[in-house]
Amino acid sequence: MGTRSQEFPTVHVISDSVGVTAQTVARAATAQFGLKNPRIETISKVRSFEEVERFFEEHVEHHRKRFGDVHLVVFYTLVDDAMRHKMVEYCSTNPYIVAVDLIGPAIDALAQVSGRVPIDVPGGLRIADADYFQRIEAMEFTIAHDDGRNPQDLTQADIVLLGVSRTSKTPTSIYLSQQGYKVANIPLDSQTEPPKELFDVAPSRVFGLVTTPEVLVGIRRRRLGNAIGVASSYADPEGVYEDLEKARALMRRIGCIVIHTDNRAIEETAQQILRYYDLANPQ
């Protein structure tokens, strides 16, 4: 057993929620000292300051027996204003406690700038609300309708994405679903016809994703890697051009908005889709 001076201090976490925020910060901070698995002791779901006092008393006694002196490092997240003030007062009269308030200054700053009063509800980040369940439902729908699956449900989608292979349909769909939109995506190629249900969807909910043949050839070649000799037609410029032309013809037939994805981040593509969607489908 090493002496205290050779050991890195345990981080004590105190929270009126589950303490995940403080634990995350503690790990990020200790990583700067080369520690991947720091010692963290947590007291969570605190409802009275008496619990905090008992926690300190027990740990002070433990440290005195083990090290002969006491120095406690504490990271705390207490949203209750009265309890935070008690913590500050307690720590100020007990200099052996080095305490860091991880959420109080953030709440105070937002209250000052917004002019609003915080609700002081522990675990507010994890309170499930209607928006949370809407996002979960949207993500489940999107995963179940990726890459042309379950076309019978297309009219239930908020947004339908069309595009040839490697035009970012799936990542864009997932991103949009995380914003609460039910998304289905349909792959297009020159050899197969799209599902008939596609033509029952309002054109204002359908978006075609396209890119240039040169960009698409490069993406597909990188995707194939060493297998390019086996599936060369997939990345053949003539085949790529044919795929794109047929896709564009279908998009014109439907009358949907066409979005260029080349040299665009997924977030940019999604935001452009939503701009058109919100104009055509006001809430």
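**Aromatic contacts and a covered strand**

Modeller: Please keep in mind that this is a predicted model. One aromatic cluster is formed by Phe 49, Phe 55, Phe 56 and Tyr 90.

Colleague: How many aromatic pairs are found in the whole structure?

Modeller: The search of the whole structure gives five aromatic pairs. One of them is stacked: the ring centres of Phe 56 and Tyr 90 are 5.2 Å apart, with the planes at 10°.

Colleague: Where in the chain do Phe 56 and Tyr 90 lie?

Modeller: Phe 56 belongs to helix 2 (residues 49-67) and Tyr 90 to helix 3 (residues 81-92). The two are 34 residues apart, and the pair links distant parts of the chain.

Colleague: Are Phe 56 and Tyr 90 buried or exposed?

Modeller: Both Phe 56 and Tyr 90 are buried. Another pair is Tyr 181 with Tyr 277, whose ring centres are 5.5 Å apart. Their planes stand at 85°, so this pair is edge-to-face.

Colleague: Which parts does the pair of Tyr 181 and Tyr 277 tie together?

Modeller: Tyr 181 is in the loop between helix 6 (169-177) and strand 6 (183-188), whereas Tyr 277 is in helix 9 (residues 266-280). The pair therefore ties together parts that are 96 residues apart in sequence. Tyr 181 has a relative accessible area of 18% and is buried. Tyr 277 is buried as well, at 4% relative accessibility.

Colleague: Let us turn to strand 7. How many of its residues are buried?

Modeller: Five of the five residues of strand 7 (residues 206-210) are buried.

Colleague: Which residues lie on each side of strand 7?

Modeller: Val 206, Gly 208 and Val 210 are on one side, with Phe 207 and Leu 209 on the other, and both faces are covered. In a regular strand, side chains alternate between the two faces of the sheet.

Colleague: A last topic: how many disulfides are counted?

Modeller: The count is zero disulfides.

Colleague: Are Cys 91 and Cys 256 buried or exposed?

Modeller: Cys 91 counts as buried at 12% relative accessibility. Cys 256, at 10%, also counts as buried, because the cut-off for buried is under 20% relative accessible area.

How values were computed
Residues numbered from 1 in each chain as written. Predicted model: local features only at pLDDT ≥ 70, side-chain atom pairs only at ≥ 80, totals over all residues. Heavy atoms only, no water. Disulfide = S-S within 2.5 Å. Buried < 20%, exposed > 50% of the residue type's maximum accessible area, 1.4 Å probe, protein only. Phe/Tyr/Trp six-rings, centres within 6.5 Å; stacked < 30°, edge-to-face > 60°. Helix = DSSP H or I, 4+ residues; strand = E, 2+ residues; numbered from the N terminus.
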